[in-house]
Every structure is written in C-alpha cells, then in structure tokens.
Amino acid sequence: MGRFKDLLASQDNLILHGALGTELEYRGYDVSGKLWSAKYLLENPRAIQDIHETYLRAGSDIVTTSSYQATLPGLEDYGLSENQARDVIASTVKIAKAARDQLWSELTETEKGQRPYPLISGDVGPYAAYLADGSEYTGDYGSISKEELKAFHRPRLAILQEQGVDLLALETIPNFLEAQALVQLLAEEFPQVEAYISFTSQDGQSISDGTPIKEVAQLVDASSQILAIGLNCSSPNLYPNFLTELRKYTDKPLVTYPNSGEVYDGASQTWTKDPDHSHSLLENTLTWQKLGAKLVGGCCRTRPSDIEVLVQGIRGQNQKTRK
C-alpha cells in the first residue's frame, strides 16, 4: 500500500476500470441470478480477464477486481464451502494481476513511460449486492446492525489485502450505517489499507438511504485511509449537485463514474428507461473535473470504447492545459 496516495499526488487524473457485469452481458454472457458477474469466476474466469485487458488497453490506470458480488455468504449460498469461497475471492486479484501483466508485456518502453503502472483495486461492493434486490439504489437494509455489517465485510477485505491489492474500492455504497462500518473496520483492523469510497444517490442531495451529503462527507473526511470520495452508478444529471455539495465539506479528490442514466429494476434484474445521451461521458467528466473529480470512469452500461474516448480526451485536454 502507498502507491495509490503517491499516484493521486503525482497525476492530474486516474482513469478507472469500466463496467464488468454489463460488459459481460454485451458479450453474450448470462449474468442473471444472485451471483451476477461473479458466477463467471467459477464458469469462465478467462472471460473476466479478457475484459480487464480490454479496459487496460483502452487506457485504464486502475484494474478493479471482479469481487463486487463475490462474498463469502453469497458463494456459500451458491453451494461452495468456506474455503472454496475464499479461494474464489482470492482468484479475483490473481485474474486482475494476470491482465495487468499481459498488458504490460505488450507495451514498448516508450509506451510504459507514458502511463503509470496500473494499480489493482480490490472491489468491495455493498451489502446490497449480496441481497441482489436492487437495494444499491435504496439503501434499505432493514434492521441489520453496524457489527453485522462489519462481520459481512471483514473476510473479503482480509482476503483482498492478503492477495496484495494496491487499494480498496468501496463502491456503490447506498447506506450511511454501512459507510460507518467500513470506515471503522479499516481503522480498527486494516490500518495500512488505502481506499476510495463512492456512493449512490437518487436526488443529488443525499446518498440513497436519504443521509445528507454533509454527514457522509464529514465521516469520510475524518478518515486518513480513505483518500478520495465520490459517486458511482448514478445518473449523470445528479453529479453536479452532489459534487458541489461534497466539496463544501472535504478537499479530498473526488470520484466520478456514472451509469448510462438508465434505471435498474432489482425485481427483474433489468435496466429500464432510456440512457442519457445529452452529453457524452467525456463531456460530463470534463465538467466534473472543474468541481474536483480526479478518479474518473464509467459504471454500468458504459463500455471500453467510452473509456478509450475518455482517456484520449482527458489526456489531450491536460496536454493543452500545460502548453
């Protein structure tokens, strides 16, 4: 750990890995069911590595492991033993590293000098992902306690750390109690771990469970381990208000990776309504950078081509700025 902090300090921006589950769908894979994309860790891990490699070739600086939906309870519900489930979670880091190794072996020394050596971020999806009912977008967790949320997240954090990730991506968090549990868990049991955290929002004024942005920002700003904060898998039109409000309470780098603007129906596990084509991912991101966005990318229903355009546009913009 430490490379994430160093790169945040030395780079104008870092480009995130794009969508995994919906990219599998685009490629013809069935991701229905509670395991979603994680079932291909069991059935076809090469398909996941191929997607990692595609995003890296597009220019991503961070490879996000395929562990969003891979949790001990979820894998055990699927029929795996605890040890088998742990091995599957560990494999997500190995697959990401293999993709990075493949990409790096393809580059010339000149090309390597033009980009940072990619980081591996251990993906820590919310408790809602295990529920698989769309509550990533409501934050409705019922009566679960903070200690139960810590117990849910603890094993995956430990496995990802043991496998040597460079940072953790605490992403798509819809619930304030869960954010508190994660912040405390890092401080109490994983004090060397660096992370970023990103939330979902339905109104641009609060996270999905209704907690005001002020409370969320103050919680994260007080953590020395969470180095950036932002919004992901939310409609692009919510970002300006959300980021503007965040910036009132924290100076940390901001994170943006929106979905396409479509709405996810948890009951049917389908995306409904039309995507937002009013602005491209690049156009939106260039605007959000003015509000403090530094870790940027795309989430569900965005594709490697979107990341490639984003990389070319942002790096070109940065070069113009320096002249």
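Biologist: What makes Tyr-127, Tyr-130, Tyr-141 and Phe-152 a cluster?

Modeller: Ring pairs link them. Keep in mind that this is a predicted model. Rings count as a pair if their centres lie within 6.5 Å. By this rule the count comes to eight aromatic pairs.

Biologist: Why is the pair of Trp-104 and Tyr-117 called edge-to-face?

Modeller: The centres are 5.0 Å apart and the planes stand at 80°. Edge-to-face needs over 60 degrees. The pair of Trp-104 and Tyr-117 is therefore edge-to-face.

Biologist: Where do Trp-104 and Tyr-117 lie in the chain?

Modeller: Trp-104 is in helix α6, residues 82-106. Tyr-117 is in the loop between α7 (109-113) and β3. They are 13 residues apart, and the pair links distant parts of the chain.

Biologist: How do you classify the pair of Tyr-127 and Phe-152?

Modeller: The ring centres are 5.1 Å apart and the planes are at 90°, so this pair is edge-to-face. Tyr-127 lies in helix α8 and Phe-152 in helix α9, so the pair ties together parts 25 residues apart in sequence. Tyr-127 is at 15% relative accessibility, so Tyr-127 counts as buried. Phe-152 is at 10%, so Phe-152 counts as buried too.

Biologist: What makes you say that the charged end of Arg-303 sits over the ring of Tyr-26?

Modeller: The charged end of Arg-303 is 4.3 Å from the centre of the Tyr-26 ring. The distance limit is 6 Å, and the charge must also be within 35 degrees of the ring normal.

Biologist: How do you know that Cys-299 is in no disulfide?

Modeller: The nearest cysteine sulfur, that of Cys-233, is 3.7 Å away. A disulfide needs the sulfur atoms within 2.5 Å, so Cys-299 is in none. The count comes to zero disulfides. Cys-233 is buried, with a relative accessible area of 3%. Cys-299 counts as buried at 10%.

Biologist: Which residues of helix α1 are buried, and which are exposed?

Modeller: In α1, residues 3-10, Phe-4, Leu-7 and Leu-8 are buried. Seen down the axis, the buried residues of α1 fall within an arc of 105°, so they line one face of the helix. Lys-5, Asp-6, Ala-9 and Ser-10 are exposed on the other side. The cover over the buried residues of α1 includes β1 (14-15), β3 (119-124) and β4 (167-173).

Biologist: Why is Ala-132 called buried?

Modeller: Ala-132 has a relative accessible area of 19%. The limit is under 20%, so Ala-132 is buried. Ala-132 is found in the loop between α8 (127-131) and α9 (146-162). The C-alpha atoms of Ala-132 and Lys-34 are separated by 5.5 Å, though 98 residues apart along the chain.

Biologist: What is the mean pLDDT of the chain?

Modeller: The mean is 90, and 90% of the residues reach 70 or more. Over residues 261-272 the pLDDT is below 50, and this stretch has 34 contacts in the model beyond near neighbours in sequence. Residues 318-323 are also below 50, with three such contacts. Where pLDDT is low, the predicted coordinates should not be read in detail.

Note on methods: Residues are numbered from 1 along each chain as its sequence is written. This is a predicted model: local features need pLDDT of at least 70, side-chain atom pairs count only at pLDDT 80 or more; totals for chains, interfaces and linings use all residues. Side-chain values use heavy atoms; hydrogens and water are left out. Buried means under 20% relative accessible area, exposed over 50%, partly exposed in between (1.4 Å probe, protein chains only). Helices (H or I, at least four residues) and strands (E, at least two) are DSSP runs, numbered from the N terminus. The arc is that of the directions from the helix axis to the C-beta atoms. Contact means heavy atoms within 4.5 Å. Rings of Phe, Tyr and Trp (its six-membered ring) pair if their centres lie within 6.5 Å; planes under 30 degrees apart count as stacked, over 60 as edge-to-face and the rest as tilted. pLDDT is the predictor's confidence in each residue, from 0 to 100.
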